[in-house]
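Look over the model first.

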Amino acid sequence: MLPCYGDALPLSLFLTFFYQKKTRCIMDRECSQLLPSVCAVLADSRQLVADDTFLEKFLDWFKTLTETESSLLLLQENPCLTELITCVLKLKDPSSSTLSFILRLTGIFAASESCFQYLQQRELLISLFGEVGPLSSALWEEASVRSGWVQGVHSMVQHQSALHFLCSCGAIDVIFTLQGDPSLFVASAANQLLVHVLTFSLQSFQTKPENIKDCDWPICAQKLIVHIEESLKSNSASRIKQSLKLLTSVFGCCHDLWTEVLWSRLSERIVYLLEEEPVHAGHSLVDLFLSMARSPVFSCPECSLWTSVTCALEHLNPAQVGRLAVGVLKLQECPQAVKIQALSVLLQPMDCVLKAASQPLEYPGLLNRSVNDSATVETLLSCRSSCASLLCQTLTHLEELQYLTCLPVDLPHIPLLQSVVTILQFCIGLATPASCLGNKISRILIGCFRVQRSALDILGALSHWESPSVFIGSVFDILLAYLKSPDTSPTVLKKSFQATLKWLVSLSEAPSSKDHWQQTEQFLRDLFLVLQKRLCSPYWEVRDSALEFLTLLVKHLREKEWFRQVLFSSEVPKLTEDLLEDPESYVRASAVTAMGQLSFLTHLISKKPGVENGNVKEKSIVAQLKEILSTDSEGFPRRAVISVFIDWLREGHPDVLKDTEQFVSSVLQAVNSDLDWEVKAGGLELAEVFSAQILGRLGLAACPYAAVLSSATRSTHLSESLQIFCQVKLFEFLFGALCDCDRPVAQKACDILIALKAELCDESSLKEGTSAGLSTEARGIAWLEETLRRWSSCAKPCPRGDADEAGSQDPNGVLLVLRTVDLEGLHRSLNRSSDHIEKSPQSLLQDILATVGTLEENEADCY
Amino acid sequence: MLDCGLDMTSTLNFLPLPLVQSPRLSKLPGWVLKDGNTFLDKTELLDLSTVDVILISNYHCMMALPYITEYTGFTGTVYATEPTVQIGRLLMEELVNFIERVPKAQSASLWKNKEVQRLLPAPLKDAVEVSTWRRCYTMPEVNSALSKIQLVGYSQKIELFGAVQVTPLSSGYALGSSNWIIQSHYEKVSYVSGSSLLTTHPQAMDQASLKNSDVLILTGLTQIPTANPDGMVGEFCSNLAMTVRNGGNVLVPCYPSGVIYDLLECLYQYIDSAGLSNVPFYFISPVANSSLEFSQIFAEWLCHNKQTKVYLPEPPFPHAELIQTNKLKHYPSIHGDFSNDFKQPCVVFTGHPSLRFGDVVHFMELWGKSSLNTVIFTEPDFSYLEALAPYQPLAMKCVYCPIDTRLNFIQVSKLLKEVQPLHVVCPEQYTQPPPTQSHRTDLMIDCQPPAMSYRRAEVLTLPFKRRYEKIEIMPELADSLVPLEIKPGISLATVSAVLHTKDNKHVLQPPPKPAQPPASKKRKRVSDDAPECKPLKPLLSGSIPMDQFVQTLEKHGFSDVKVEDTAKGHIVLLQEAETLIQIEEDSTHIICDNDETLRVKLRDLVLKFLQKF
């Protein structure tokens, strides 16, 4: 971060510039010198470390070190490290954090085979990871020690020697036990370690063996597979889940051919698990199948995996199987029959709901045949605890499918739309139940916000299908019911607005939009009546959602004449303008954004004769927004104003086009005194757009196809641009922002200045400048300092007359400043994070020593 | 008698009573009501003069009181809380004032003759029991009726003739609104009427005291179960703001107490944020001032938050501040000061919600023609379409935001789960979905066992029997008792006493001493004589061990003793003596042939095994 110097500019930063050397990941001399004392501190059991985060940083540093240089050399050059390990091992009562650290550190070193041998010779590895080590000590009770042990082993297993070591010292059995560790972190790490051991040991095993029993799998792998098989056969649900989790990770991360062999050995047992009543590890099985289905090894349609998946789709509980079904449908390579079945699984609850309502079914139901026993789904739907969650899951999964680029199976979207509408009707008591199940569903769903939200999400997603008028009518009806109902919760209302927007946008873009024109227009009229009321709601969330909806609606439909007609025949524009004075800042911000969009339309409307424009005072809107920018006490409305102004400038808003320079100048002036960094960043974006527009207008844009200008024309245009920039005080603003205490602001200002420098200070101008005697040498450093100081004071708000005087910039002076200041260096400095100095390993080592030093001092004080 | 509300829907059959002559109203065509009027007074079912006690649950449920106390020969007592009486008085006063200040030039009653009524246009010709329709009562009648009320406080126990004890409990619906517990020593009936679980201004509902009821009579649920009060208040505010922003006026027909306090509180929080600070709020009612002031002094009847404000000290309701800052102004009527201060656009709260009388009639006539204005109905008692009928065609916007804070069916099922009464008794309407929404099975009472329902004028036997009475024993009598422990923890004693019953209280007194020989020779007064006391035979308890009994018999010379087991006990057969002893659980019979000595001997042997007391 750049320091802020108040009035004085940090010239030293501009002119003289340190280049910090990049932090190198090697052990430098300073660190080597500090390391022995740090090791001594760590090995001293009396020196309790208050903050162990630096141990993590220490390990990270060694990890990077061992990646770039030889671990063995590191140990040999710094014998204090080996001594540290030995010392800690000898300690009678080491702290758990130190022991855990040593386990992990040793693991990092032992990852290199030579280093492994080095440590093995000193019997350090067996003392740490063997049965005699921490395993048998009382500290093993500490989860951090067990976790350190697992992580140490994990780091170490990078070569065959480590694998042999694991098998010979009995460590593998310890890992099996740790799979069921009470600490979830340890259990998960143990599981990951087993995955690593298995995949690493089979890495070389690429070819498919003829016979699984005769195959020559490494002992380690064989041991593991036997363990998995035994777990799967056990009656313990937790052991089964652990093994399924392990297999899920194995199939997920390794796509070698041996995984197929592994599956063929285990598939029978897994199918058996599926057929059990009830299925205990449903979720884990779903994870396993999904992980396998994504592996190219099993993509062949004849693979036995698909038989198991089919079996899972049939046997698993509908509440569990949805995830599998949607996962299968997302796959590229999957037998069509399985996909059809998966879709049926998802559609079944919807089918049940549709049948439970008494609507005369003009279309057949959702399913030609039932996959599962529909009784199970019906039981789940008629129970208060499961109904809402099953429906929410199903709706979310079906919504996911809507966003797939190509759906592999035919989705019966009309009946699906009907069932979604039925669910929404049930939720507000509008559906008439036709059966006992319907009655139960109705009682459960009335007022259920969760289901309402999910159903509205998918309703919106279904808008991209072409639907017949009658169904569009029912969608409009249900949307209006939700938008109108005073009982609709603010979050549901927001979803209703989102769904409404999607339908209106889809209908306006559909080729058959003219067919639905009348229907849509009537809906819009009703919608605006509701919107008026919502804009007056006593709840700010509701007013805010209504404004956001209006903004998006105008943005998407403003080209449509029918939309504009309905909009301006309503009270909505006037009420929106009123909300610019709302007491809630979020609402004011949304009102600003909405007015930003509406004001594009008011121009279009006012151009037309006969259309009354009494509702919106379009002349004053710029003034109103500028007033908010300079006076509003909250950041949100000011940020909203600046982004509206950026849009206006980009899109050529008529009010801006009248006098762009004056507009930009006044906005930059207001932004300059703003304390909110986001407003400033917005102001910089505005400046960027403006400068690009000016340069582009004069043919100076970096467009590859633009006609090349002659150097004389170019020079004229350049000086014209420069003149305009000086008039709007662009450089005062940019250099002011460059010294801003918020780094993003300074960075952005720097980027813009570099871009401008590239355009304005090209070689030719440089020559001209030099020839005119405009060099720093000629004017002197004092001049530069004075200029920058003057600009800085000018950028701040001051009485009118003074500002004019101070702002009268000399274009040549600007060019000179741009050339002189080391913007590129500044850019590099700004890109560096603020703690780059504190991050160095040397600083870390010093910190460790300093912490211990204070502890010692405190200890002395105590005596 | 539980409550005496007044069904005022029959007023919808009449034309509004305008404050000034309205040629429009006098030329109105006929209007057909959708539902017939059913003000049914089933007096033949019950002679109201025999009613001893009336329990009032809230001020809306006492509007018919003068008709009962002043016209039926009623001599009993009415129990109600203080706010109920005070606000009830205001409602009655407002009603009487509204009616009396526009006296009709003539009144007709001949049309009520059935022969004439038959010839009248619909709906009048279809109205039932029009002969029972009454003129509005007068202020002296109101005062007389209210003088018969005895004030009670929450949780106060009131003895009714020694037969039952009644206790009012807070019901959370309105200031001073109560549920009642009616209990004897062994039975408890709860009367839950007009209760609310929402946090509005009144003290929260006391649910705990309703537990362990044998019967819970449930009535006064929300009239609009589909309208959630929170949503409706939001709707109210939105419509109000929208109208005022567009330059229109808002009319809120309402009662002078109740929901209006909550609405004013909401508006207090909302007006600044909605930019309505400069819009005047007018509250026009002959009792407006009293209502606003009464609400501030009933601190002990308010919800906890408002009670704590009183100790600060601050007025519990923010309408005090609205009045202070001149945002809310109140007037007894539209005449006088109001006409000087009146500014538009404005918001007017005034009665009566039926739109048939009161100042609201004037505003309907005044503002009905402009589409800028809005009338917002918040009281659920009247169908707003019927209330508006005589004002049609109407340009002003009409919004229906019924705010009924009383229990809805979800809350009822929660309450019943919590309170767990053995039986629930409720009106029939609550046991089936509303007729207009027959698919909404969630809009009915769902409890186990199913609720017992009753219809109008139906006589229902409550599902419990009185099995026990509590009897007190006088101390001197208690002193004389000698309990004998027959089982650990169970002692018995015989009591000879005189049972004295008065006012449904039963007392055991010591029996009178044996009559002294008359001191004088006056004639004995038979009637005053205490009952004659014969010496009592001791009571026996215990069982006879058969083996030992047989041994004893044998010891006493009965040789051929045979014992037979029967279903109820044993038969001991003394063949030689031709005697049978039949021993059963609660009786022993010695059957011998006219040998009294033998019987006495055997009896004494049996008695040896039994305890006497």
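## Terms and model

A salt bridge here is a side-chain nitrogen of Lys or Arg within 4 Å of a carboxyl oxygen of Asp or Glu. The model is predicted: local features need pLDDT of at least 70, side-chain atom pairs count only at pLDDT 80 or more, and totals for chains, interfaces and linings use all residues. Residues are numbered from 1 along each chain as its sequence is written, chains are lettered from A and ligands numbered from 1 in the order in which they are written, and side-chain values use heavy atoms, leaving out hydrogens and water.

## The A–B interface

Chain A and chain B share 2 salt bridges. K533(A) and E235(B) form a salt bridge through their side chains, at 2.5 Å from N to O. On chain A, α23 (436–445), α27 (517–535) and α30 (572–578) each give at least two residues to the side that touches chain B. Helices are DSSP runs of H or I with at least four residues, strands are runs of E with at least two, and both are numbered from the N terminus.

In contact terms (heavy atoms within 4.5 Å), 27 residues of chain A meet 21 residues of chain B. The two chains bury about 1,900 Å² between them, and 52% of that is on carbon and sulfur atoms. Buried area is the accessible area (1.4 Å probe) that two parts lose on being put together, summed over both.

## Salt bridges overall

Over all chains, the structure holds 36 salt bridges. One of them joins the side chains of K355(A) and D351(A), at 2.9 Å from N to O. Why are K355(A) and D351(A) separated by about one helical turn? Because they are 4 residues apart in helix α19 (residues 336–356) of chain A. Side chains of opposite charge can pair when their charged atoms come close.

## Backbone features

Most residues other than glycine have a negative phi, and most peptide bonds are trans. E123(A) has a positive phi, near 55°. This residue sits in the loop between α7 (113–121) and α8 (124–129) of chain A.

Chain B has a cis peptide bond from L312(B) to P313(B), with omega near -10°. P313(B) lies in the loop between α9 (304–310) and α10 (319–324). The bond from G351(B) to H352(B) is also cis, with omega near 5°. H352(B) is in the loop between β12 (347–350) and α12 (360–367) of chain B.
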